[in-house]
Amino acid sequence: MTKVLEVKDLELSFHTFAGEVKAIRGVNFDLHKGETLAVVGESGSGKSVTTKSIMRLLPKSSAEYKNGQILFEGKDLTKIPEKDMQKIRGKDISMIFQDPMTSLNPTMTIGRQIMEPILKHQKLNKSQARKQTIELLNLVGIPNAENRYKMYPHQFSGGQRQRIVIAIALACNPKVLIADEPTTALDVTIQAQILELMKDIQKKTDTSIIFITHDLGVVANVADRVAVMYGGRIVEIGTVDEIFYNPQHPYTWGLLSSMPSMDLEDQKLYAIPGTPPDLLNPPKGDAFALRSEYAMKIDMERQPPFFKVSDTHYAATWLLHPQAPQVEPPALIIERMKTFKGSRYYVDQTGGTV
Amino acid sequence: MSDNLIEVRNLKQYFNAGKSTEVRAIDDISFTIKRGETFGLVGESGCGKSTTGRTIIRLYDATAGQVLYNGVDVHAPKSKKENHELNRKMQMIFQDPYASLNPRMKVLDIIAEGLDIHGLVKGKTERKQRVIDLLETVGLNREHAERYPHEFSGGQRQRIGIARALAVDPEFIIADEPISALDVSIQAQVVNLLKELQEEKGLTYLFIAHDLSMVKYISDRIGVMYFGKLVEMAPADELYRNPMHAYTKSLLSAIPLPDPIYERSRVRHPYNPKDHQYGPDEKVEFHEIAPEHFVLCSEKELAEMQATRV
């Protein structure tokens with residue numbers, strides 16, 4: 001598999017009046033060609049900041065790249081001049097934003113908005129660009145594109161607006177598409193349509209997608225791999241099956257347990273206690289330790305490194321250290337692990353433990 | 001006092017009534033909400049579920065029909081005092097945490113606004129203490145009281161909205177997509193919080209949402225809306241076990257579950273209203289197919305559904 005994008009030891013801080021907020025504290029991941037990497041985590045975990053730092057969309061006045069590299073086609077995106085970045089942004093790497101109501105310009109026709117990146121990045125004249133715009137509108141499933149091309153955002157429904165935003169992002173056949181909670185503002189039926197559309201387009205264009213969401217149902221639907229973020233770091237990364245059926249980090253356990261399942265009877269939902277860490281003064285050890293019932297003494301003192309679970313699956317928790325005691329994950333998680341080959345709770349179909 | 005806190009009778013809400021642009025946002029719906037229960041209302045955007053909530057609390061004047069709160073018609077003319085009292089008992093948590101908080105007010109004043117209007121606290125210290133208690137109930141802390149809405153994330157703002165609704169000790173809360181903007185782990189906290197508050201204070205909820213898994217979890221009964229009409233209404237479990245209306249089935253099939261293996265095989269059934277093929281003289285009505293389980297259908301469909309029901 002070819003790597004399209006590599007993020008290495010990325011550290012980023014915001015300078016605020018209160019002090020330095022360490023929003024990203026050492027993030028590492030690779031994005032392969034044609035895959036969908038889902039990034040999950042709660043608000044403030046740094047998932048949006050990570051993607052915005054790839055796009056270099058953070059305010060220069062307050063955001064500072066402290067360390068690390070973002071490698072894209074041999075270039076380090078944290079170092080190249082803004083002029084070069086402008087050639088990449090919207091062309092090779094493009095982005096779909098969360099809120100289709102606010103990410104479109106209400107005073108411009110949607111046709112002009114879709115044409116903007118085409119005219120900027122491709123050597124096309126207006127009529128060619130117009131033709132391509134209409135093709136894009138057809139691709140994202142806007143009916144009657146020739147006429148609707150001249151309409152304004154308010155004349156479209158929420159789902160259609162998100163389709164238009166996707167059309168803008170796809171305008172220059174990007175190699176990397178970053179989708180920041182693209183379906184959070186939409187309802188289930190429209191969400192299903194948009195997800196199907198994105199998967200469909202990915203099949204046709206072989207684009208790599210970074211998909212940020214907090215909806216684990218959506219993750220299970222779209223992702224090939226999943227990165228779980230907490231407190232400005234990735235705490236667990238693996239294939240979608242590994243994360244859902246063989247999770248190792250207590251935070252992942254908490255996330256998975258807090259989803260209501262459809263057959264759940266009237267019991268209390270599991271809610272992770274406490275609040276996310278304050279990144280003005282990030283904790284010394286494992287950032288999740290204070291909210292975790294599985295925390296050990298070392299969690300308070302030293303940040304856990306990544307422990308290898310399999311070739312594709314890594315988790316940063318001291319529980320995986322050979323000297324750590326064996327702990328029982330929550331009952332719900334054990335149920336999940338029972339279905340996963342290679343997990344220590346795996347139950348063979350015939351009934352015996354392997 | 002009857003068992004029903006809210007009774008909605010043949011409610012209609014037409015916008016631009018009589019004009020060519022008439023929109024029938026709510027088209028003759030009836031349901032009741034019992035004291036202390038949670039009634040979930042689901043449907044896609046534009047189906048009229050938010051309008052229903054807003055009409056119940058009289059943010060809109062109804063075109064026709066009645067909303068009875070404790071036997072009192074919400075939309076009938078009332079004295080200022082009666083209105084005031086009713087407003088305290090019914091509160092709303094809004095959908096959009098960005099638009100529903102005044103950007104020029106501190107969180108302290110946003111939450112305390114209801115307290116001030118209804119004269120529920122005496123003096124500055126009590127006012128502030130009450131606000132801090134409320135902030136802590138919803139998972140924020142005391143420092144947040146002195147900040148402005150733009151300093152919060154969407155999730156935090158929604159919690160401020162919840163604190164504001166809780167401030168005046170209401171009996172009935174209309175929660176209009178209160179958790180759609182929140183993270184999963186925070187969603188669970190908020191839903192648990194809403195449940196706890198319900199047990200503690202005997203609150204009644206109208207819970208409007210499109211996240212069906214959460215609706216199922218929090219609701220006792222659920223109504224499904226489609227284009228201004230209630231197409232199905234049943235106890236939560238029954239609705240998920242035995243969805244009868246084609247639209248409900250389509251809605252249920254669209255939910256992604258946190259289970260990759262299931263997701264790979266999930267098939268979505270899109271809904272097409274033309275599939276019903278009602279004859280010109282067929283009456284489409286709300287029929288009780290099982291105890292407490294109502295479906296909008298014709299006599300012919302009813303017979304078919306009853307035959308297939310398990």
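Predicted model: local features only at pLDDT ≥ 70, side-chain atom pairs only at ≥ 80, totals over all residues.
User: What makes up the secondary structure of chain B, and how are the elements picked out?

Analyst: Chain B comes to eleven helices and twelve strands. Residues are numbered from 1 along each chain as its sequence is written, with chains lettered from A and ligands numbered from 1 in the order in which they are written.

User: Why is chain B called as compact as a globular protein of that length?

Analyst: Set the value against the rule. The radius of gyration, taken over C-alpha atoms, is compared with 2.2 Å times the number of residues to the power 0.38. For 310 residues that rule gives 19 Å, and chain B has 21 Å, which is close, so chain B is as compact as a globular protein of that length. Along the principal axes, its C-alpha atoms fill a box of roughly 65 × 55 × 40 Å.

User: What share of the contacts in chain B joins residues 24 or more positions apart?

Analyst: That share is 62% of the contacts with a separation of 6 or more. A contact here means two C-beta atoms, placed from the backbone, within 7 Å.

User: Why is helix α1 of chain B called largely enclosed?

Analyst: It comes down to burial: a residue is buried if 20 or more other C-beta atoms lie within 10 Å of its own, exposed if 12 or fewer, and partly exposed in between, with C-beta atoms placed from the backbone. In helix α1 (residues 49–56) of chain B, seven of the eight residues pass, so the rest of the structure largely encloses it. They are B:K49, B:S50, B:T51, B:T52, B:G53, B:T55 and B:I56. Over chain B as a whole, buried residues make up 45% of the 310.

User: How do you know which strands of chain B pair in the four-strand sheet?

Analyst: Two strands pair if DSSP finds at least two bridges between them. β1 (residues 4–15) and β4 (residues 64–69) of chain B have five bridges, in the antiparallel sense; B:K12 stands opposite B:A64, and B:R9 has B:Q66 as its bridge partner. β4(B) and β5(B) also run antiparallel, joined by two bridges, and B:L68 is partnered by B:D73. The order is β2-β1-β4-β5, open and antiparallel.

User: Why are β2 and β5 of chain B said to stand at the edges?

Analyst: β2 (23–34) and β5 (72–73) each have a single partner strand, so one side of each is left without a neighbour in the sheet. β5(B) also forms a hairpin with β4(B), with two residues between them; B:N70 in that turn has a positive phi of about 55°.

User: What makes the eight-strand sheet of chain B mixed in its pairing?

Analyst: In general, strands of a sheet pair through backbone hydrogen bonds, either parallel or antiparallel. The pairing in this open sheet, ordered β6-β7-β8-β3-β9-β10-β12-β11, is mixed. For a parallel example, take β3 (residues 38–42) and β9 (residues 221–226) of chain B, with four bridges; B:G40 is partnered by B:I222. β6 (90–93) and β11 (285–290) stand at the edges with a single partner strand each, so one side of each has no neighbour in the sheet. Helix α9 (residues 246–253) of chain B lies across β3, β9 and β10 (229–235), at about 105° to β9(B). That angle is between N-to-C directions, on a scale from 0 to 180 degrees, with axes as lines fitted to C-alpha atoms, for helices over the stretch in contact.

User: Which helix of chain A gives the most to the side that touches chain B?

Analyst: The contact takes 33 residues from chain A and 30 residues from chain B. α8(A) gives the most to the chain A side, with five residues. By class, that side has 18 nonpolar, ten polar and five charged residues. Ala, Val, Leu, Ile, Met, Phe, Trp, Tyr, Cys and Pro count as nonpolar, Asp, Glu, Lys and Arg as charged, and the others, Gly among them, as polar.
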